Amino acid sequence: MELTNKIAVVTGAGSGIGRASSLKLAQNGATVVLVDYNKETGEETLKLIKEQGGEGIFFQADVSKSEDVQNYVNKAVEVYGQIDIFFNNAGVIQRFAPFTTVEESEFDRIMDINVKGVFLGLKYVLKVMEEQGSGSIINTASTAGIRPEHSVAVYSASKHAVIGLTKGAALEYANKGIRINALCPGGVQTALTAGVADQFAEGGYIPEEISTMRIGRYAEPNELAEMVAFLASDKASYMTGSVVLVDGGLTL
Ligand code: NAD
C-alpha cells in the first residue's frame, strides 16, 4: 500500500486510462477525487472503487473551463485538505481528416480540452502543492506528442504542447519538492480508440501505425495504470520532466 494517506485527483476518471488508474491508485491506498464531465461514468468509477474497499468522491467538471477547474481543486482541498497526486489525464482525439479540411472549431475543441485543460489543472493544483512543498503530477500526452500520427496534426500538436507544459513546469518546480512527468501511451483499448476504429470502418483514414504495433496488440488500460501508480509513488523520487513511453514499441 504505497499510497496510504495520499490524496489523488484524476481527470477523465470516468473511462479508459483514467478509470483504470483511479482504481489502481485506490488499490494502492490513495483516496481518489474523480473528475469527469460525464456524471454517469464518473459515478460508476466511484462505485467500482467503493466495491474494492477504496475511498473517494466524484466531481463533475469540464477541464477546459477555468471555473470548473478551480472548483474541483477547491473541493479536493476542502474535503481532504491536500493534493498529493494529480493525474492530469482528460483528453479527446481529433477526427482523422486531411489537414486543409479541419475546421477551426475542431482546432479550438482539441486545444481547449487537451492543452488548456492540462494548463489549468497544472496552474491550480501547483498552487496547492507549492504550499505543501510536495506532490507528483502525471500529465497524459501521447506518442503523438513525440512524433505525429497521420491525419491528426492538431491532436499531435496538442500532445506536443502537453510535453512542453510538462517540461516547463517540471523545470520550475523540481527544487520545490514537486515532480511532474508526462505519460505517453501508444494505442490503448478504450472508448477513445473504439471511436477511431468506427471511423476507419466508415472508410476514414488509416494511420500506418495501426498495422505496425510492434507488440501486436493494443494495451489494456491497466498496463498504463501501473505506470501511473509508479510515477505517483516515492519509488519514482528521482523522476521529473520525464517523457515516459508505454507504447508497446509503437515508436520503434
Ligand atoms: P477515454 O475516452 O476512454 O476517456 C477519456 C475521459 O475523459 C472520458 O471519461 C471523458 O468523459 C473525459 N473527458 C473528455 N473531455 C473532458 C473534459 N473537457 N472535461 C472533463 N472530462 C473530459 O479516453 P482514454 O483513451 O482513456 O484517454 C485518456 C487520455 O489518454 C487522453 O488524454 C488521450 O488523449 C490519451 N491517450 C490515449 C490513447 C489511446 O490509445 N487510448 C493513446 C495516447 C494518448
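In the predicted model, Arg 19, Ser 22, Leu 23 and Ala 26 of helix H1 are in contact with Thr 45, Leu 48 and Ile 49 of helix H2. Sorted by class, this contact comprises four nonpolar, two polar and one charged residues. H1 spans residues 16-27 and H2 spans residues 39-51. Their axes lie 10 Å apart, at an angle of about 25°. Because angles under 35 degrees count as roughly parallel, H1 and H2 are assigned to that category. The crossing of H1 past H2 is right-handed.

On the H3 side, the contact consists of Ser 66, Val 69, Gln 70, Val 73 and Val 77. On the H4 side, Leu 120, Gly 121, Tyr 124, Val 125 and Val 128 take part. The class count for the contact of H3 with H4 is seven nonpolar, three polar and no charged residues.

H4 also packs against helix H5, which covers residues 153-173. The axes of H4 and H5 come within 9 Å and cross at roughly 15°. With this angle, H4 and H5 are therefore roughly parallel to each other. H4 passes H5 in a right-handed crossing. H4 contributes Glu 106, Phe 107, Ile 110, Met 111, Asn 114, Val 115, Val 118, Phe 119, Leu 122 and Leu 126 to the contact. The H5 residues that meet them are Val 154, Tyr 155, Ser 158, Lys 159, Ala 161, Val 162, Leu 165, Ala 169 and Tyr 173. By class, the contact of H4 with H5 has 15 nonpolar, two polar and two charged residues.

Phe 107, located in helix H4, was examined individually. Its C-beta atom has 15 C-beta neighbours inside 10 Å, so Phe 107 counts as partly exposed; the buried class would require 20 or more, and the exposed class 12 or fewer. When residues up to four places away in sequence are left out, Phe 107 touches Val 102 and Val 154. Val 154 is among the H5 residues in the contact of H4 with H5. The C-alpha atom of Phe 107 is separated by 8.4 Å from that of Gln 94, a residue 13 positions away along the chain.

At the level of the whole protein, the secondary structure amounts to seven helices and seven strands. Their order along the sequence is β-α-β-α-β-α-β-α-β-α-β-α-α-β.

The overall dimensions were considered next. For 252 residues, a compact globule would have a radius of gyration near 18 Å; the value for the protein is 17 Å, so the two agree. Along the principal axes, the C-alpha atoms fill a box of roughly 50 × 40 × 35 Å. Of the 252 residues, 47% are buried. Contacts between residues at least 6 apart in sequence were also classified by separation: 76% of them join residues at least 24 apart.

How values were computed: Residues numbered from 1 in each chain as written. Predicted model: local features only at pLDDT ≥ 70, side-chain atom pairs only at ≥ 80, totals over all residues. Axes fitted to C-alpha atoms, helices over the stretch in contact; angles between N-to-C directions. Helix = DSSP H or I, 4+ residues; strand = E, 2+ residues; numbered from the N terminus. Parallel < 35°, antiparallel > 145°, perpendicular 65-115°, else oblique. Left-handed = near helix turned anticlockwise from the far one by under 90°. Contact = placed C-beta atoms within 7 Å. Nonpolar A, V, L, I, M, F, W, Y, C, P; charged D, E, K, R; others polar. Rg over C-alpha atoms; globule rule 2.2 N^0.38 Å.
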